[in-house]
Amino acid sequence: MADNRTMAQMLQAPIEDGEARDWLDKEPPRSILTWDDLVSKFINQYFPPSKTTYYRNEIITFYQKPNEAFNEAWERFKGLLRQCPHHGFSELHQLDTFYNSLNSNDQDALDSAAGGNFLDKMPQEGLAIIESKSKVRYSRSRANDQSV
């Protein structure tokens with residue numbers, strides 16, 4: 001869940017259409033001297049405070065929609081995290097937010113997969129359990145869709 005992409009990878013998509021490259025070329029010469037300067041200017045350009053606040057609130061108030069499958073909720077949650085890569089939430093906070101947003105059946109399924117309370121697991125273990133559950137459920141639902 002942590003965004004481990006380099007700045008170059010984050011810029012890759014916008015560079016394809018030239019937007020980020022144009023922005024970077026318009027920066028005054030020698031105005032970006034360090035990595036931190038580049039990160040700060042990039043975030044201020046493409047993630048203004050209002051956008052950051054909006055996505056942080058979407059993450060904090062995330063909930064599983066009625067009749068939304070576990071894997072769909074997980075993909076939607078990860079999408080919100082990608083929309084705001086500088087959200088600042090630890091992996092533990094992200095997993096806690098996601099777990100507590102689930103319906104009781106999916107919480108019980110995670111607890112069962114964890115062999116107890118899901119939130120007692122280390123973040124990496126919790127993430128592995130979620131990813132595994134998401135893939136199993138997705139493959140089962142896809143198999144059922146194809147057989148119909």
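Colleague: How do the axes of α5 and α6 cross, and at what angle?

Modeller: Keep in mind that this is a predicted model. The axes of α5 (residues 70-83) and α6 (residues 91-101) come within 11 Å. They cross at roughly 140 degrees. That angle makes α5 oblique to α6.

Colleague: Is that crossing left-handed or right-handed?

Modeller: The α5 and α6 crossing is right-handed.

Colleague: Which residues meet there?

Modeller: From α5, Phe70, Ala73, Trp74, Phe77 and Leu81 take part. They meet Gln94, Thr97 and Phe98 in α6.

Colleague: Take threonine 97, then. Buried or exposed?

Modeller: Threonine 97 is buried, with a relative accessible area of 13%. The cut-off for buried is under 20%.

Colleague: What does threonine 97 touch, leaving out residues up to four places away in sequence?

Modeller: Threonine 97 touches Ile59, Ile60 and Phe77.

Colleague: And what lies 2.8 Å from a polar atom of its side chain?

Modeller: That is the backbone oxygen of histidine 93.

Colleague: Next pair. At what angle do α4 and α5 pack?

Modeller: At about 155 degrees, with the axes of α4 and α5 9 Å apart. α4 and α5 are therefore roughly antiparallel to each other. The contact is made by Tyr55, Glu58 and Ile59 of α4 with Phe77, Leu80, Leu81 and Gln83 of α5.

Colleague: Which hand does that crossing have, left or right?

Modeller: α4 passes α5 in a left-handed crossing.

Colleague: What about the loop between α4 and α5? Where does glutamate 68 sit?

Modeller: Glutamate 68 is in that loop, between α4 and α5. At 12% relative accessibility, glutamate 68 counts as buried.

Colleague: What does its side chain reach at 2.9 Å?

Modeller: The side chain of glutamate 68 reaches the backbone nitrogen of lysine 65. Setting aside neighbours within four places in sequence, glutamate 68 is in contact with Tyr63, Ala73 and Arg76.

Colleague: How far is glutamate 68 from leucine 102 in space, C-alpha to C-alpha?

Modeller: The distance is 9.7 Å, with the two residues 34 apart in sequence.

Colleague: What about asparagine 67? Buried or exposed?

Modeller: Asparagine 67 is exposed, with a relative accessible area of 84%. Asparagine 67 is also in the loop between α4 and α5. Its phi is positive, about 65 degrees, although asparagine 67 is not a glycine.

Colleague: Arginine 30 has a positive phi too. What value is it near?

Modeller: Phi of arginine 30 is near 60 degrees. Arginine 30 lies in the loop between α2 (19-26) and α3 (35-46). Arginine 30 counts as exposed, at 75% relative accessibility.

Colleague: Switching to α7. Which of its residues are buried?

Modeller: In α7 (residues 104-114), the buried residues are Asp106, Gln107, Leu110, Asp111 and Ala114. Seen down the axis of α7, they fall within an arc of 145 degrees, so they line one face of the helix.

Colleague: And which are exposed on the other side?

Modeller: On that side of α7, Asn105, Ser112 and Ala113 are exposed.

Colleague: What caps the N-terminal end of α7?

Modeller: Asparagine 103 does. A side-chain oxygen of asparagine 103 lies 3.1 Å from the backbone nitrogen of asparagine 105.

Colleague: What comes just after α7?

Modeller: Glycine 115 is there, with a positive phi of about 70 degrees.

Colleague: One more residue. Where is serine 134 found?

Modeller: Serine 134 is in helix α8 (residues 123-147). At 4% relative accessibility, serine 134 counts as buried. Not counting residues up to four places away in sequence, serine 134 touches Phe70, Asn71, Trp74 and Glu75. Phe70 and Trp74 are also among the α5 residues that meet α6.

Colleague: Now zoom out. How many helices and strands does the protein have?

Modeller: The protein has eight helices and zero strands.

Colleague: What share of the 148 residues is buried?

Modeller: Buried residues make up 34% of the 148.

Colleague: And what share of contacts joins residues at least 24 apart in sequence?

Modeller: It is 56%, among contacts between residues at least 6 apart in sequence.

Conventions. Residues numbered from 1 in each chain as written. Predicted model: local features only at pLDDT ≥ 70, side-chain atom pairs only at ≥ 80, totals over all residues. Heavy atoms only, no water. Buried < 20%, exposed > 50% of the residue type's maximum accessible area, 1.4 Å probe, protein only. Helix = DSSP H or I, 4+ residues; strand = E, 2+ residues; numbered from the N terminus. Arc of directions from axis to C-beta. Polar contact = N/O pair within 3.5 Å; in protein donor to acceptor, adjacent residues only side chain to side chain. Axes fitted to C-alpha atoms, helices over the stretch in contact; angles between N-to-C directions. Parallel < 35°, antiparallel > 145°, perpendicular 65-115°, else oblique. Left-handed = near helix turned anticlockwise from the far one by under 90°. Contact = heavy atoms within 4.5 Å.
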